[in-house]
Amino acid sequence: MAQAKKGAFAGVTSYSDRLAIEMTSNLVKAAISDIPYSEIGERLYNALEKKEDIKKQVYKEADEIIRDYRKKCMELGIFDFGMAVELYNKCLLTDETYRNQLFQRIDHLIVDNIEECVPSEVDFINFLMPKVKTCLLGYNHEGGYGQAFGSNHEYVKKQLIDKMEIVELNKSYTCKDFMYEFSDMLFDTIKNSTPCKFKARPEIERTLPLELRSDMLEEAGNRIVELIENEGYNPSDIAVISNYADPVTEFVIGRILERHGYEIKNLARMNKIIDNPFSQALITLAQLCHPAYGSAPGRDDVRALIRIVLKIDPVRSSILAGEVLAQRPFAEFPDIEFPGLVERVGYYNIEKYEYIRNWIKEYREMEKPLQIHEFFQKVFLEILLSNEVSQKDIIEAKKLIDSAETFVDVVSRFNRNASKDFLDIAKKGIKSAESIFELEEKLNGNFVLMSTPVAYLSSPLKSKVLILLSISSNNWTPRSIKEITNIHVLTKTWNENDIYTEEMEEQNQKHYLAVLIRSLLKRCEEKLITFESMLSANGYENDGILAEYFDEILTQ
Amino acid sequence: MGLRKGQKELVERYRGGKCAIPAIPGGGKTHCLSLWAVEMIANGYHKPGKILIVTYMNSAVNNFKQRISAELQKRGINGSKDYFVSTIHGLCLQIIKEKPDLIIANEEFEILDEVSKIHLISSAIDEWKRYNHREFRLYLDMENLSSSKIGDVYKSWHEKLCRIMLSAIGDFKVKGITPSEAKNKCKSLGRDSILSWASDIYEIYDRRLKMGGYLDFDDMLYNAKKMLQTDEHLLEKYRKKYSFVCEDEAQDSNYIQNEILTLIANGNLLRVGDSNQAICGSFSSSDFTLFKSFCDAPDTTVYSITQSSRNTRDIIDLANYFVKYVRENHPVHECRDSLLPQYIEPVPKDDPRPNPVIDEYGIKAAVFESWEEEAGGVVDQAVQMIKKHPDKTIAILVPTAWKMSLIIDILQSRKAPFEQLDNTSGERNKTLKKLGRIIDFLAVPEDGEKFSNMINECILTGEYDSTVFTELVDETETVGQRELLSEFIKKYPVEKILYPMGGIIEISDVPKELLQTKIWKDFTDSLDIVRELLEFPNTVVEKLILFISEKLRFDREERAIAQKVAGDVRYLMNQNPRWRLSDLAFELLSPKNMFNYFAGIVWDLKGFEPHPGVVTVATYHKSKGLEWDIVFLTGLNNADFPVLLEDKFMGEFWFLKEQYKNPQP
């Protein structure tokens with residue numbers, strides 16, 4: 001999208017994919033807050049405290065790109081999430097027949113966690129309310145951590161709460177009294193700078209700052225093992241909350257646990273399609289079968305493919321991969337007569353080798369290549385499926401096929417070779433979809449769970465031991481103002497004539513942190529352990545405020 | 001506390017306002033500044049904010065941190081949140097991270113290290129050259145060049161141009177000139193002006209920088225200053241956060257750094273430095289007169305530290321003589337004021353740490369005909385010294401990295417134990433190199449050479465052959481175990497070693513003399529690890545790296561570096577899906593690579609301690625603040641240290657037309 005206009009965004013220190021993400025997310029935020037998409041840039045610019053020509057230009061360019069994008073979508077007859085909301089609100093909801101149908105269909109309305117509702121949802125509830133027989137809204141007045149996704153707690157309060165009869169549920173089933181009290185204090189101190197003191201107790205365990213992030217991850221891993229082996233906790237009693245929840249964190253802690261026979265699962269979706277060797281093999285085969293796409297697979301990938309399908313040792317696989325890539329005009333499996341080939345492939349593998357070689361050859365000779373998802377299905381059934389394929393691999397293949405199908409369905413309308421595009425983006429590392437099955441496994445298995453704060457709060461989980469990593473990191477207070485967006489301005493409760501000041505930003509950051517940390521602590525039943533490192537993953541000094549609040553409140 | 005003149009006054013008296021501490025080399029600045037900070041914290045004088053200490057290098061940051069925290073601990077005070085030690089860039093980063101949107105930057109902006117900066121400038125020059133080939137050749141002495149040399153000359157000129165552009169772009173940025181402003185200003189200079197080229201290249205460079213989501217070091221300084229100047233709220237926050245601002249190495253400060261610290265300081269500003277040690281002026285924008293004028297300001301309290309116990313009387317006399325000579329007899333009059341009349345005094349005789357008294361070697365000088373002879377001669381002497389004084393620490397200091405390489409070559413050929421003090425080599429780079437060797441092998445495991453390199457450098461790192469270093473270069477040697485093994489595995493098919501068809505290695509193929517060695521046994525024992533590495537799926541490269549670090553039992557610092565590489569790899573692969581294992585290996589194995597910076601930070605945490613019996617090789621710049629018992633100073637000649645304006649300097653470009661070679665002012 002950002003590439004549509006060459007030379008746009010001069011003066012912005014950012015990547016084009018990042019800007020594209022910000023623009024699409026702006027579109028969604030505008031739609032769910034009933035803000036016309038053509039006014040996004042102006043609204044954001046008007047709210048700026050420091051107005052500069054260069055910024056005006058940037059917002060103007062963003063608006064232009066969005067306009068072109070919308071136009072293109074209309075021409076091609078596709079719509080994205082933001083447009084879907086807009087169309088629904090503007091076309092369907094204003095249609096009398098549809099409205100009557102809707103009212104007839106719905107008698108009872110139940111909505112949970114309304115504090116995380118986006119304005120459009122609130123409006124929809126409001127719209128239905130007079131017509132339904134009963135309306136039950138679950139509301140956690142302490143919530144509101146979903147603001148990054150457009151939720152607007154303030155709007156919920158304004159529009160819904162007063163209209164409802166309120167049944168209060170004051171008892172907490174997810175944490176003990178002291179934690180309840182501590183989390184409220186922490187909230188007050190952060191949000192309102194109320195001076196509070198809380199007498200330190202062993203259930204709130206502050207680990208002294210470690211020098212390096214790697215020290216911290218290892219110490220956390222070791223502490224988890226102690227909790228399980230010496231203090232009688234089950235792995236599933238423990239949740240590790242990290243703002244990164246990246247593969248390094250997962251691997252470092254995971255390996256320590258593994259040595260003791262335990263496992264950690266990451267609730268945050270971080271996996272790329274090509275992370276799974278099986279999916280990677282499918283993609284490599286696709287590259288080999290479609291020379292016309294002009295994307296030759298890499299040597300590492302061909303070697304991995306050979307290892308998977310022919311079960312040859314890595315050294316010989318690598319030699320063979322070299323031969324495959326050396327073939328002209330395009331990489332292919334060499335003829336069996338090729339000198340020394342039989343020895344390398346192994347006699348017992350020759351039959352399989354020949355089968356694959358011929359399969360690819362025949363496929364390449366087909367007049368019209370299959371759509372990429374059909375190709376994956378065919379390869380999966382005819383080449384890869386064997387007794388040794390695990391259930392996990394089958395799920396991965398299924399996810400790949402599903403993603404490909406959806407992608408092809410949409411992108412082919414843009415008059416592009418969608419199959420080729422899919423291979424390209426898969427290589428670029430798009431994330432893999434997550435099946436309900438996998439999620440279910442994460443939530444219910446006996447694993448230590450790792451998650452980002454918001455992903456954890458969005459799940460129904462609570463835990464006996466809550467471990468917070470990197471509490472001196474700045475990531476706990478993300479800034480709402482980004483290069484070309486601002487979540488507080490691009491929402492319904494924002495007054496167009498106001499200026500978004502630094503004081504507001506500071507208040508908003510503190511508010512977010514206060515809400516987030518209180519909600520997290522209230523999901524902690526018995527023990528809270530914090531970790532921090534002086535230096536960040538990049539070797540820079542950590543100086544976030546959360547650790548300081550802990551220090552301020554806790555007294556010996 | 002053993003405080004000396006000047007130190008005592010600082011620690012006991014300085015409680016606010018402007019204060020300058022001019023300190024001679026070896027005066028114990030870090031020691032007394034740390035003690036001062038502890039004294040302030042212990043008494044709560046620094047409240048309500050923190051003490052900020054800004055110093056020049058990461059190693060110094062850690063040195064300060066360790067000293068302050070050790071002293072606080074000793075006194076039973078928990079004051080870790082009461083002070084913050086940082087480089088100026090660390091401080092600027094902190095400031096910018098507060099509000100990256102003010103400069104329209106993504107919050108995850110990356111900092112372009114010096115190595116990548118050169119790459120980026122070089123590619124910007126390439127782009128510029130495509131449309132400006134005439135200009136590129138304009139100053140080259142094409143007539144006197146043979147056609148066979150043209151390629152090399154283009155390459156050299158390109159490299160030199162990189163350096164020129166680096167400093168020109170730095171100058172633009174420090175002065176807050178944007179690319180379009182630069183272009184406008186340079187328009188009237190015409191197409192033959194190098195400055196006008198610089199404005200073109202600056203534009204290309206800046207565009208690439210922004211699209212990559214990068215800020216370079218100059219951007220950080222400039223933007224931090226701009227943010228503090230334009231955003232009162234932010235400035236107020238920093239003034240509240242730091243109630244005392246201390247600048248170490250103040251003689252190396254530059255204009256922007258000076259402004260930033262003065263802005264934040266809000267009155268309480270302590271500067272420590274030595275104008276006679278201002279060594280950065282020749283290659284950076286630092287300006288030692290800033291410190292001098294701070295000292296001279298009427299409202300600045302000055303406590304001078306003049307005593308040092310680092311050196312013998314003879315060395316102190318020599319240093320003082322040098323200062324006096326420059327001030328009174330320097331042949332170029334304008335240079336006489338470059339050193340201040342600040343002389344080193346030895347400590348009183350009853351000082352608990354007196355000046356060393358050494359009769360055995362003292363000060364010696366030698367004259368050589370060429371650098372090659374000099375390097376050889378110096379290494380000879382150093383080797384002699386190790387033997388004669390095995391308990392002493394020894395250093396060879398060189399003026400340039402280029403000269404360092406010959407010294408290293410000679411030390412290596414004599415098998416003399418040495419350590420290179422350099423961001424991009426030796427210890428600091430060891431982990432990256434290890435990872436590189438392994439990944440290089442994993443990328444092409446059938447390559448015997450790579451297999452041998454990995455085995456020798458990463459797996460079988462023990463001593464197999466005696467390591468007595470030789471005094472002569474070409475002494476004949478018997479073939480060692482390591483060599484026997486290397487010769488064999490380089491040539492023998494790797495698959496037959498790791499995955500022999502019959503299950504075991506064909507013994508009849510292995511040289512008999514190798515079979516009997518210890519290294520062969522260790523080698524065959526280690527093959528399981530190699531196989532484990534090879535069989536680990538390499539689709540997720542970051543996991544592969546962490547797996548390597550686990551299997552090779554990396555120590556704490558090495559693990560930190562491996563985790564950093566693993567974290568960055570994911571990002572790199574996202575940026576460039578065509579990246580392969582071999583590309584990663586290539587990056588890791590290049591002496592200057594993108595991970596050096598972090599590796600440097602980690603190794604700096606350990607601090608540098610010279611070891612007796614091991615020769616430290618360092619540039620003069622890097623040796624600052626360090627101590628050895630015996631030091632060889634090399635390259636003391638007009639080319640490396642020009643005295644007269646006619647002296648040729650190392651910056652001279654021989655391939656340019658005569659009139660441009662070494663322009664006289």
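**View 1. Contact between chain A and chain B.** The contact takes 52 residues from chain A and 57 residues from chain B, where two residues are in contact if their C-beta atoms, placed from the backbone, lie within 7 Å. The side of chain A that touches chain B divides into 19 nonpolar, 12 polar and 21 charged residues. Asp, Glu, Lys and Arg count as charged, Ala, Val, Leu, Ile, Met, Phe, Trp, Tyr, Cys and Pro as nonpolar, and the others, Gly among them, as polar. This is a predicted model, in which local features need pLDDT of at least 70 and side-chain atom pairs count only at pLDDT 80 or more, while totals for chains, interfaces and linings use all residues. Residues are numbered from 1 along each chain as its sequence is written, and chains are lettered from A and ligands numbered from 1 in the order in which they are written.

**View 2. Open sheet of chain A.** The sheet has 6 strands in the order β4-β11-β8-β5-β7-β6, with parallel pairing. Strands are DSSP runs (E, at least two residues), numbered from the N terminus, and two of them pair if DSSP finds at least two bridges between them. β4 (204–206) and β6 (264–266) of chain A stand at the edges with a single partner strand each, so one side of each has no neighbour in the sheet.

**View 3. Strands β5 and β7 of chain A.** β5 (residues 238–241) and β7 (residues 448–451) of chain A run parallel and are joined by 3 bridges. V240(A) has M450(A) as its bridge partner in β7(A).

Methods
Helix = DSSP H or I, 4+ residues; strand = E, 2+ residues; numbered from the N terminus.
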